[in-house]
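Dear colleague,

A short account of what was found in it comes after.

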Amino acid sequence: QTQLVESGGGLVQPGRSLGLSCAMSGSNLQNYAIGWFRQTPGKEREGVACISSSGGYTNTADSVRGRFTIFRDSAKTTVYLQMHSLQPEDTAAYYCAATRKFHRGNCRRHEEEYDYWGQGTQVTVSS
């Protein structure tokens, strides 16, 4: 069975950085576009960033652009979300998700287009 696993969440002070990782078992991650989403209780789920299966195209939300970066490692076995200048409003459960529906050079941050989801990792930004 294809599964995704996120790691790297935790408690961080405002202004600091944190990196999240997404790995896949049961299938080859390099064949999937990957999205990062976040969920805060009582709020709509937000598509934070996505990266195409080729790694050559990325898309980030206005709320995190310039602070967050999504990228694949050189072997394309892991997808990362590097978060800088974290603020309390970034506090959320973060999920990675995978899909094969996009062309290898494209992705979109729409949750309904993703087929596989990780269990989530909590990021809390607080003093």
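This is a predicted model: local features need pLDDT of at least 70, side-chain atom pairs count only at pLDDT 80 or more; totals for chains, interfaces and linings use all residues.

Residues are numbered from 1 along each chain as its sequence is written, and side-chain values use heavy atoms, with hydrogens and water left out.

Strand β5 covers residues 46–51; strands are DSSP runs of E of at least two residues, numbered from the N terminus. Of its 6 residues, 5 are buried, so β5 is largely enclosed by the rest of the structure. Buried here means under 20% relative accessible area, with a 1.4 Å probe and protein chains only.

Strand β4 (residues 33–39) runs antiparallel to β5 and is joined to it by 5 bridges; two strands pair if DSSP finds at least two bridges between them. Ala49 in β5 is the bridge partner of Trp36. Ala49 also has a bridge partner in β6, namely Thr60. Strand β6 (residues 58–60) pairs with β5 in the antiparallel sense over 3 bridges.

Both pairings form hairpins. Between β4 and β5 there are 6 residues, and Gly42 in the turn has a positive phi of about 85 degrees. The hairpin of β5 and β6 also has 6 residues between its strands, with Gly55 at a positive phi near 85 degrees.

Leu86 lies in the loop between β8 (78–83) and β9 (92–99). Leu86 counts as buried because its relative accessibility is 0%.

Key: Buried means under 20% relative accessible area, exposed over 50%, partly exposed in between (1.4 Å probe, protein chains only). Helices (H or I, at least four residues) and strands (E, at least two) are DSSP runs, numbered from the N terminus.
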